[in-house]
Amino acid sequence: MTGELLADNVAWGKLDPVADWGNAGFAPAWHPLIDHMIDVAACLFELAHCRGVRRPLERAAGRRLTEVDLVRLAVFAFFHDIGKANAGFQALRWPGGARPTWWPPHAGHSAEAILAFTLSSTHEHLHVDSLLGWGDAAHDLLRASISHHGRPVHEDVLADTRIWEPVTQPDGTQCYDPQAILQEIGRAAQAMYPLAFTGGTPALPTAPAFAHLFAGLVQLADWLGSDRRFFPFSEPGEVRLATATERARAAVAALHLQAEDLRERLIDINPSFAAAFNVRAPRAIQGAASSVETGPLLILESETGSGKTEAALWRFKALFQAGLVDSLYFAVPTRVAGSQLYDRVLEFANRIWAGSAPTVVRALPGYEAADGQVPERLPHFKVLWADDPSDRDADKRWAAESPKRFLAATLAVGTIDQALLGAVPVRHAHLRHALLSRSLLVVDEVHASDAFTGTLLERLLAAHLNLGGHALLLSATLGSIARARFQRLLPGRTGAIPALSLEQACAVPYPALSDGAIVTPMVGESRQKTVHWSTSDAIDAPERIAVMALDAAKQGARVLIIRNTVPAAIATLRALEALEASSTDGTNSCLFKVAGVGTVHHSRFSRQDRPHLDAEVEKQIGKHRTHAGGIVVVGTQTLEQSLDLDADFLITDLCPMDVLLQRIGRLHRHVRPDSDRPEAYRLARAVVLTPAGGDLAPMLKGARHGLGIFRSRDGERGGIYPDLRIVEATRRLVEHQPTCVIPRDNRFLVEHATHPESLAIIESDQGSLSDAWRTLGEEIEGSVGMRRTKGYMQALPFERPFDEELSFPTNERIATRLGAEDRLVQLEPPVMGPFGQLVRQLTLRHHMVPRDVPWDATPVAHSAGQGWFEFTLGPASYRYSRIGLESIKTTGQHSTTRPSAAATGEHA
C-alpha cells in the first residue's frame with residue numbers, strides 16, 4: 001500500500017483494521033480518501049430525500065428545501081473528512097514506529113480540516129468563495145460536518161501549517177502533496193454535485209436547530225458510508241462517482257430509513273385493532289390516542305393495566321400509516337421494563353405487517369437484540385448474528401449493533417436514557433437527536449422522573465417537538481404541576497397553562513387524555529377496584545411482617561411484600577425463613593424460589609440471573625400463575641412496575657402516594673373467579689408499613705427505610721423518597737379512610753399527597769416541630785431547584801449556533817440520571833452463580849464503589865463456595881449469592897457482610 005500511495009500521490013481514507021501488515025510494513029486493504037468522502041456525501045443526499053429526514057429538516061429550516069439546498073448539504077457532508085488529506089494524518093499508513101523520519105509526525109483530521117479552509121493556498125481548490133456565497137450558514141454547516149466524530153470541533157490549538165505542505169524525501173523527491181489532493185477533492189465535489197455551484201438561489205437556512213440536526217445526519221451518513229457491508233473498499237479501476245449513489249440507496253433501503261415501502265405495505269394490509277392485539281375492540285383511551293387529528297404531544301393518564309401500552313402502539317401505527325412518523329422509540333424507566341415490553345412490541349410489529357415486519361430492537365446495552373435474535377460481540381466493534389452470514393436480512397439489524405445506533409431502528413424499546421443522551425453534551429448526541437426526530441417518542445411512567453431527569457426530558461421534548469416530532473407521555477399517577485410543565489412545551493402554543501389550585505386539580509378528569517390545554521375524560525375505561533387498606537407500625541419489625549405474610553400464605557394467598565430498600569428486603573426474607581423453619585420441616589415451603597433456591601427480588605443480581613428471577617416471579621405470582629397454594633414473594637421497587645403480577649395480598653413499606661398506587665396496581669390486577677383466591681382475600685387487601693406510632697419525625701434527622709433525606713459524609717444529599725411531606729400526606733390519606741376505589745380516587749389521592757397546598761398544610765400543623773418541617777420543605781425545594789438548574793445547564797443548547805463553544809466533556813460521564821454512574825463489571829472467566837447460571841456481568845451501584853477506583857479497574861474473583869463467590873475491585877470486596885450482590889469487609893482471613901442499615905437509603 002505504501003508504495004502505491006507514494007507513487008500515485010493518493011490519500012487513504014480507510015484502512016482494514018484486521019489486515020495483515022506483514023513484513024512489508026503496510027496494510028494491503030485500503031480505501032481512497034476521496035472515494036470515502038463520495039460514499040458519505042451520497043448517504044447524506046439519500047437520507048435527505050427520506051420523508052422522515054426531510055420533514056424535520058424543513059421544520060428546522062422554516063421553509064421548503066429545494067434540490068439545490070440538498071446538493072449543497074451533500075457537498076458539506078462530502079468535506080467531512082477533508083482533514084485526512086494532511087500529511088500528518090497520512091503518516092498513520094505506517095504502524096507503530098515504522099514512519100520514516102523525514103515524514104511529518106502523526107496529526108489528527110478535525111481541527112486540521114478547519115485549518116485547511118483558512119489557508120489562502122486552498123481557497124480556490126476548495127471553492128471557498130462559492131461556499132461563502134451559499135449564505136451565512138456555511139460556516140456552521142461546515143463545522144457541523146467536520147464534527148462528525150460526535151463532538152463539536154474547535155480550533156483552539158491548531159496543527160502546524162506544514163502538515164499541508166508537500167512531503168519531500170532526503171534526496172529531494174516529492175512523495176506526497178496535500179495541496180494536489182485538496183485540488184482533486186475540490187474537482188470531485190464539483191463533478192458530483194454541479195447544481196450546488198450554480199448561483200441565484202436562496203441562502204441556506206441559518207436557524208441553529210438546522211445546523212444541529214445536520215450535524216447528526218452527517219454522523220449517520222458517516223457511519224453508513226464507513227460500513228463495508230454497504231460500501232466495500234474500491235476495486236481497481238472503479239469509478240466511485242458512478243457506484244456510490246446506488247450503494248447509498250441500497251443501504252438506506254436495507255435499514256428502512258426510507259420507510260415508504262413499509263408504509264405502503266401497512267396501508268395495503270390496514271390491520272384492525274383486533275388483528276393487532278388479538279382482542280375484540282379498542283378501549284376508549286386506545287381509540288382516542290390513535291387519532292392523527294390530535295396534536296404532536298399527548299399525555300395519557302390511566303391506571304395500571306388499563307391498556308396504555310396498546311394505546312401507544314396503535315398511535316404509532318396510525319401516525320406511521322399517515323406519513324407523520326417513520327419510527328418508534330418506546331422509552332421506559334428500567335431495563336426490566338424494556339425487556340418485558342420488547343416481546344410485546346415484536347409481536348405487535350409482526351401482526352400489523354403480517355409477518356414481514358421491519359427491525360424491532362431491544363435497545364438495552366448489554367441486552368441488545370433485534371427481531372428476537374441476540375448478537376455475539378466480536379473484536380473491532382463487530383457482531384455476529386445467529387443466522388446465515390449471507391442472509392441479506394441481517395443487514396437491517398445494523399441498528400442493534402451499537403447503542404449509538406439504537407434509534408435508527410424502525411421500532412425500538414429501551415430505557416429513557418437512550419433518548420436523553422440525545423439532549424446532553426456527550427459524543428454522538430446529535431446523531432441520537434437526528435434519529436429521534438423521525439420518531440414517535442413514547443415515554444412510559446413519565447411521573448417517575450426526578451427534577452434533574454425531568455428537566456432533561458423537557459429539553460429533549462422541546463427540541464423534538466420543534467422539529468415536528470410527535471410524543472406520547474404515559475402515566476398512571478401524574479400530578480397537575482408536572483402535567484402543566486409538559487403542556488407548556490408545545491411549540492407555537494397560544495394561551496397560558498395556569499397552575500391549578502388543589503380543588504381545581506382534583507376536578508380534572510381521570511382517566512384522561514391531554515392534548516395541549518384540553519383534557520378529555522376517558523369515560524368507562526375499566527373496572528373499579530375497591531382496595532381495603534390499613535397501616536401497621538411494623539416497618540422496623542421484619543418478624544411481625546413475616547408472621548403476617550406466612551399466615552396469609554397458609555390460607556392459600558399469593559402474598560407480595562415490597563420494601564423500600566435492599567437491606568430491609570433481605571431482613572424480611574431471613575425473618576420469613578427463620579419463622580418457617582421453626583414451624584415446619586421445610587418440605588412445604590411457601591417462600592419464593594428460583595431453581596429451588598430461596599431468594600429475594602431486587603436490582604442487585606447479575607445480568608444473567610435477573611431474567612430468571614423475573615420469569616419465575618411472574619410464573620409464581622403473575623397473570624398466568626402456575627404455583628399451587630400460597631406463596632410469599634419479597635422484593636423492592638423492582639416488583640412495582642413492568643412485571644405483570646397479580647397478588648392476593650400486598651404488604652408494602654410506606655412510600656409516596658403515586659408509588660403506592662403503582663404497588664397497588666399489582667394487587668388483584670386481573671379479574672379472577674372467587675374460587676381462584678382464598679376466601680379471606682377475595683377482597684383486595686393492602687397493609688402499609690409505618691414507623692412506630694406512625695411518627696415520621698425521627699426521619700427529619702436522617703433517612704430510614706428510604707424515607708427522608710440521606711446526608712453522606714462528604715455533604716451530598718439524596719434519598720429514595722426524600723420529601724417526608726409527601727410521605728406524611730400519604731400516611732394520613734391511608735389512615736383517614738379504610739378503602740379507596742381505583743381508578744376513581746386516583747386523581748384525588750395523588751393531588752392531596754403532592755400538591756403544594758397539601759404540603760403547606762403538612763408543614764404548618766406539626767405543633768412544636770412545624771419549624772423543622774418547614775425547614776425540610778425549604779431544603780427539598782432548594783434541592784429541586786438545584787437539580788432543575790443542573791438539568792438546564794447540562795442540556796444541549798439547540799437554540800444556540802453550532803459554532804459557539806459547546807462544552808463536550810472528554811470523559812463522557814454526564815449522567816442522565818443522578819446516581820447513574822454505576823459500574824458494570826465483567827467477570828472473566830465467568831463464575832457459577834447461585835441459580836446454576838454462569839455470572840458474567842454485575843452492576844455495582846455508584847455508592848458501593850470507592851471514589852478512587854479507576855474506571856478501567858477489573859474485578860478479581862478470589863473465593864467461592866456452594867452458591868456464592870467473592871471478588872475484589874480495587875480495594876473494595878464483594879460477595880454474590882442467593883440474596884444478590886453485597887459489599888463486604890475483610891477481617892484477617894475472614895469476610896463479613898458490611899453493615900448496611902436501612903438508614904443508608906440503599907435503593908432497589
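Modeller: Buried means under 20% relative accessible area, exposed means over 50%, and partly exposed lies in between, with a 1.4 Å probe and protein chains only. This is a predicted model, in which local features need pLDDT of at least 70, side-chain atom pairs count only at pLDDT 80 or more, and totals for chains, interfaces and linings use all residues. Residues are numbered from 1 along each chain as its sequence is written, and side-chain values use heavy atoms, with hydrogens and water left out.

Colleague: Is H668 buried or partly exposed, and what is its relative accessible area?

Modeller: H668 has a positive phi of about 50°, although this residue is not a glycine. H668 sits in the loop between α25 (657-664) and β22 (684-689); helices (H or I, at least four residues) and strands (E, at least two) are DSSP runs, numbered from the N terminus. H668 counts as buried because its relative accessible area is 7%.

Colleague: Is N270 buried or partly exposed, and what is its relative accessible area?

Modeller: N270 is not a glycine, yet its phi is positive, at about 45°. Its place is the loop between α12 (260-269) and α13 (273-277). N270 is classed as partly exposed because its relative accessible area is 47%.

Colleague: Which strand holds P829?

Modeller: A cis peptide bond runs from E828 to P829, with omega near 0°. P829 is found in residues 823-832, which form strand β26.

Colleague: What is omega for the cis peptide bond that joins Y510 and P511?

Modeller: P511 lies in the loop between α21 (502-507) and β14 (512-515). For the cis bond joining Y510 and P511, omega is about -10°.
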